[in-house]
Amino acid sequence: MPSVTAMSTTHEFAGVLFDIDGTIIDSTEAIVENWRRIGEEIGIDHEVILQTSHGRRSIDVLKDLDPSRANWEYISAMESKIPSLCKNPAIEILGARALLETLNSLHTPWAIVTSGTNALLNGWLNVLRLPRPQEVTVAEDVRIGKPDPEGYYKAHTRLLQQSGGGEVKDVLVVEDAPAGVKAGKLAGCYVLAVTTTHTVDQLKAAGADWVIPDHRFVEVRRKDESQGTFTFTFNNVY
């Protein structure tokens, strides 16, 4: 079990799996504009769509709203446009870039598991010039999206296979949405949630092990003389 002192907690992990939208970046403006345009096309108020779309694959959203559009050709084309829909399409979550750069400098295994398509993920990474993950699991890679654990389970398995077989087998998921928190827990991971899109109570109710404001409150170091163990400290934990 992790050790807890005051508002900080420390735990050892073999690696990290990140969601991207709402966790590494905030693309709310572009996402709202995307669903506004789609809503106009299908005759549904985009505010209604936004009530249930966050953290879910677009193909799953459209299966409920307009099954004729729920195919990968349409979804990929739609999502490829999102990074260029607005003048300021996305901002980085505080501390995210520094955390990713730290993980790279320590050679910590990390991956992205997203409900977005490969076209959307690559679009954001290119536009914002963010560090590239070692592995990705995107919407097209799973049969069912979050909160189903398939994406995180696959990524969890690959990460442990590539981590060199160290003693520590725990994997950390970093999320912002209840659907993703539930998926991470069902995949057998610990979950750290950031309060960028949902409240502390919502994230805890979904099962998050720890909740923090953003990535500025995460510290990482390699465990002494360890080939595959990394010590994470979370500060200002709710």
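Tutor: On a 1 Å grid over the protein atoms alone, a pocket is an open set of points with protein on both sides within 12 Å along at least five of seven lines, while a cavity is a set where a 1.4 Å probe fits but cannot get out; lining residues have an atom within 4 Å of a point. The model here is predicted: local features need pLDDT of at least 70, side-chain atom pairs count only at pLDDT 80 or more, and totals for chains, interfaces and linings use all residues. Residues are numbered from 1 along each chain as its sequence is written, and side-chain values use heavy atoms, with hydrogens and water left out.

Student: What is the mean pLDDT of the protein?

Tutor: pLDDT is the predictor's confidence in each residue, from 0 to 100. The mean is 93, and 96% of the residues reach 70 or more. Over residues 1-6, however, the pLDDT is below 50, and this stretch has eight contacts (heavy atoms within 4.5 Å) beyond near neighbours in sequence.

Student: How much space lies in the second largest pocket?

Tutor: A volume is the space filled by probe spheres set on the grid points, which are joined across faces, edges and corners. For the second largest pocket this comes to about 170 Å³.

Student: Which residues line the second largest pocket?

Tutor: The lining consists of N34, R37, I38, E41, Y74, A77, M78, K81 and L85, so each of these has an atom within 4 Å of a pocket point. The largest share, four residues, comes from α1.

Student: Which residues are closest to the centre of the largest pocket?

Tutor: The largest pocket holds about 560 Å³ of space. Of its 33 lining residues, D21, I31, S53, H54 and G55 are the closest to the centre. Two or more residues each come from α1 (28-42), α2 (46-53), α3 (58-65) and α6 (118-128), and α1 gives the most, five.

Student: How many residues does each domain give to the lining of the largest pocket?

Tutor: At least three come from each of domain 1 (10-27 + 90-234) and domain 2 (28-85). These bounds come from an automatic or database domain assignment. The C-alpha centres of the two domains lie 24 Å apart, and 23 residues of domain 1 contact 17 of domain 2.

Student: What area is buried between domain 1 and domain 2?

Tutor: Buried area is the accessible area (1.4 Å probe) that two parts lose on being put together, summed over both. Here it is about 1,500 Å², with carbon and sulfur atoms giving 59%. In domain 1, S27, S115 and L120 lose the most area to domain 2, together 29% of what that side buries.

Student: How many cavities of 30 Å³ or more are there?

Tutor: The count is two. The largest has a volume of about 90 Å³ and 15 lining residues, with V113, T114, V142, K146 and G151 nearest its centre.
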